[in-house]
Amino acid sequence: MIEFFVKRPVTTIMFVSVFIVLGIVSSFNLRVEKEPKINFPIVTVTVVYPGATPVEVETLVINKIEDVVSELAEIDKIESRSFENFGYVSIEFLLTSDVNIKFIEVKDKVEAILNDLPEDIQRPVIEKYDPLLAPVMDLVISSDTLDGRDLYELIDKKLKDRFSAIEGVANVDIYGGKQRQINVILDPMLMKQHYITIFDIVNSIKAKNKNIPGGLLKKDENTLSLRFMGEFESPQEIADMLIKSRDGTSFKLKEIARIEDSFKEVETIARFNGREVVGLSLNKVSDGNAVDISKEVYRRLPEFRRMLPPGCAMEIATDTTEFIIDETNQTYLNIIIGIVLTIIILYLFTGQISLTFIAAIVIPTSIISALFLVDVSGFTMNMMTLLAMATSLGTLIANAIVIVENVLVHLERGDDSVQAAITGTKEVATAILASTGTNLVVFAPIASMGGIIGQFMKSFGLTVIYATIFSLIASFTLTPMLCGLLLKKKKIEKKNKFRIFNPFIWLHIGTDNVMHMLKLEYERIFKLMFRFPKMTIIFVLVCFYSLKFIMPYIGSEFYPNSDEDMITVKIEMPQGSTIERTLKTTEIIEKHFNEIAEVESVLTDIGKDGVENAAVVANLKPLAQRKRGDTDIIKELIPFMAKIPDANINIERGEARGGIEGDISINVYGSDYQKMIGLSRMMEQKMQESGYFRSVKSSYKVPKKEIRFIPDQDRIVEYGLTGVEVGSSIRSSVYGDDTNIYKEAGEEYDINVELDEKYTEDFDDIKQINVITSKGLVPVVELGVIEEGKSTPMIRHRDKERVISVEGYLAKSTSGYVISVLDKAFKELPFDEGHGYKYVGSSEYEKESARETGKAFLLAVILTFMLLCAIMNSLLFPIPILFSVATSFIGVFYALFFLGQSINIASMLGMIMLVGLVVNNSILLLDYSLMKMKEGVPVKEALWLGVSEKFRAIIMTSLAIILGVLPQLWSIVPLKSAMGTVMIGGMLASILFTFIFTPVLFWYVYRLKNFFVRLKNK
């Protein structure tokens, strides 16, 4: 086969070009994303229960939904939260589940119990949920001519649909502004005079506000439809409608109420650079292309701006795709730099431009060809696929280096170029198959890992496999063909003729001299090793033992954050705070951000999860234009934020407005909720005292005051009422009743009926609420007792049990190390039987990733050993090769320690990759040594010949791999720098221990084999 491709260069070029063309076409189909798509089988059930307390939401709604959905199969965990006015249940199924089927099952279960839920709830909303799906971008619209209500109307009715029509956009959320509403504000004193209740008003509006079809009138051969037109045509008509009281008198509604064409109570506020605006969040569909959406918005931005009236302005407040595009371009640049550095290494070691050209062809060919299979597999160009290409550069050229190195040997012996290419490739075919095979058996377990990390790593593992396959194809087709075509014998003979005129050749000569010197020095070490072989083993063991002193200082975490040119400040005000109080706090933070030179703009979102909550997003200048990183700015912010009174503030990297978990999340559980509260507060204090957190928050909040109406059931029955009627009267009077609709120009607006707010401010105002009874109009206070109390704050469940969540946001160190510190501190706390704590969130994923990575690593080692046994036809000789994996980890952990990197999903992935890379050096060395031993050369001499012959090739391939990933060290994404650190540390250790440890260990294994042979012969 090799001979066929070498002697038919045009055929070879066309054969390889097929894959290149397919790869180029596929590159246009690949979407650019930040991360691989992960299918989370999560279904949420959200229920709005107006006017209900968290306890009522929990007992009347959430508990019933949890009970019924828990009957479903394949549930991993159930979580829920009960707030004022609404609650939601999140059901996470096993990753093997089909989320579409589970969605239908959850929907059926919930709909089956609708009649058991309170009548006042809104219909439950059941959705599939993706926790990684964040808004693509935020746009803000401001106006000098329109008020908040008219601006909201303009955006909601005119602009929202235009953005929704953009391909890939799932929905558009509007926040800020004021929603139009017709407010009927009643005066209870006048109502009492007219002997009427709020229910009478609501029912009168409902009875009047109807269009009723009257049927068809027939005359001869024609028909005429008849319709009763009763719907309100203007707010004034509502004011002028006649109301009939219980005593038979009639009066106009405006006599007892103020009718306003106004807006709903403000529950969200959006601000941009200190000015009130209306915000639009664009969310993409799960398989949408965020980059394409962003490009389309920018393209159509002038069109959207022309739709605005004079005095209005539209700006892009946040764009998450900017980071994606910048990081993608940076990765492309790193790949190019890696290719250039790899080619330079090849030239320095060979001194031949033609060989450099071969490398320049082989590497891009393998990468471009791999894009075809990446596209067929349904992957995108994301962090992991790009990282796979960047980290596999060295492995792609390694095979070509081995072939070229051997072809040069045959050319120097006098073979013609074609024969040298054929013979040289055939001689190293076994070594290439072995090294490539080890890469494949290593990355196969990575591509088949389970859990969330398995979905995350699948695209990485398969992309490397695809590139390796095409590298193998190129090794037996393109590389030998190019060697035969370009490396002519006469050129080799004349290589010294014009040396003086080639300045670059002196770099090659220098490299040759250095390699010659190193080889001479190593020869002394080699002899010393075999003079004191036991000392060599002890030296390696001491190196392993030394790791004991640095391992405690290497942190661990699941997924390190990076500088995304954005800082988010999340604010929680005390329970019961008004939106105005929250606004004052955000204004203080906005003002401080404006004084920071690195901040370009500030976007504020108040009321996303209640009026007590807000998020202030500071958009930073690009990292290249800043003198400080985001973590440096955050450190400066912490003392200032700590001085803000009454606010619980968390500062996070990136846009985290949807985030709900800290770097370390702890669930406190137990049978006694009061004891859980005490334990959570003590744990919170321990976390704050540890000094590792910039902020700590608890899901348990101090209860706010509430007024309770305790009904007197006997008096209610005596007055001919029910408890529901009394409770509904109170609710409608204070909260309002918006069950009626006003229609105008094809749009619908709520008609909200409520008491004037000046009668619903104080404790005594409840006395102004009246109900019609069998004994006449009476105040509700005569039907029960009013008392003050404290309301239960938000209630959180995990697997149907109450828990209190404590979230910690790290200021330094890593989650893995801090957890070990916290465990020691928590042992001092008085946990009663049945009470305890559990790390959840990213800690669960970290444990899962460590478990799955460990399984993949073990499988990779086993498969590598099996492959080596098959190739070498021996059970003992692969052992020294396998031990090179263990010794490489000495370099890995020292590199992590000195470069300040953590053990995370990327560094663990790099460790698995090393299994397939570091064995290649030992394979090269021992493959040649075994060949010489078969020729009758003594073992020590054969080992020296193997080292001597492959010395340059081992160093050259190792340096090619190191330089291929070297640019990753300076990546702003910690995942890439962590993997680069592991690869470089492991390969440097591989060079050292391949020459020092592998020959001695092989010698011991060879002696062991002879011992068994002698034992068998006896």
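## Salt bridge between Glu 598 and Arg 628

Arg 628 is partly exposed in this predicted model, with a relative accessibility of 22%. Its side chain meets that of Glu 598 in a salt bridge, 2.9 Å from N to O. The pair links distant parts of the chain, 30 residues apart. Glu 598 sits in the loop between helix H21 (579-594) and strand E17 (599-606), and Arg 628 in the loop between strand E18 (613-620) and helix H22 (630-642). Glu 598 counts as buried, at 10% relative accessibility.

## Other salt bridges

The structure has 49 salt bridges. One of them joins Arg 653 and Asp 630 at 2.9 Å, N to O. Arg 653 belongs to strand E19 (residues 648-653) and Asp 630 to helix H22, so this contact ties together parts 23 residues apart in sequence. Asp 630 is buried at 1% relative accessibility, while Arg 653 is partly exposed at 25%. Salt bridges with shared partners also connect Lys 77, Glu 79, Glu 92, Arg 798, Asp 799 and Glu 844 into one network.

Within helix H4 (residues 99-112), Lys 107 and Glu 111 are four residues apart, which means about one helical turn separates them. Their side chains form a salt bridge of 2.8 Å, N to O. Lys 107 is partly exposed at 33%, and Glu 111 is partly exposed at 31%.

## Negative surface patch

Glu 265, Glu 267, Glu 580 and Glu 757 form a patch of negative charge on the surface. Glu 757 lies in the loop between strand E24 (747-755) and strand E25 (770-773). Its relative accessibility is 60%, so Glu 757 counts as exposed.

## Cysteines

The structure contains zero disulfides. Cys 483 is buried, with a relative accessible area of 0%. Cys 869 is also buried, at 11%.

Note on methods. Residues are numbered from 1 along each chain as its sequence is written. This is a predicted model: local features need pLDDT of at least 70, side-chain atom pairs count only at pLDDT 80 or more; totals for chains, interfaces and linings use all residues. Side-chain values use heavy atoms; hydrogens and water are left out. Patches are made of residues with over 30% relative accessible area and no salt bridge: like charges are joined within 9 Å, nonpolar side chains (Val, Leu, Ile, Met, Phe, Trp, Tyr) within 5 Å. Accessible areas come from the Shrake-Rupley method with a 1.4 Å probe; for residues, only the protein chains shown count as cover. A salt bridge is a side-chain nitrogen of Lys or Arg within 4 Å of a carboxyl oxygen of Asp or Glu. Lys and Arg count as positive and Asp and Glu as negative; His and the chain ends are not counted. The place of a charge is taken as NZ of Lys, CZ of Arg, CG of Asp or CD of Glu. Helices (H or I, at least four residues) and strands (E, at least two) are DSSP runs, numbered from the N terminus. Buried means under 20% relative accessible area, exposed over 50%, partly exposed in between (1.4 Å probe, protein chains only). A disulfide is a pair of cysteine sulfur atoms within 2.5 Å.
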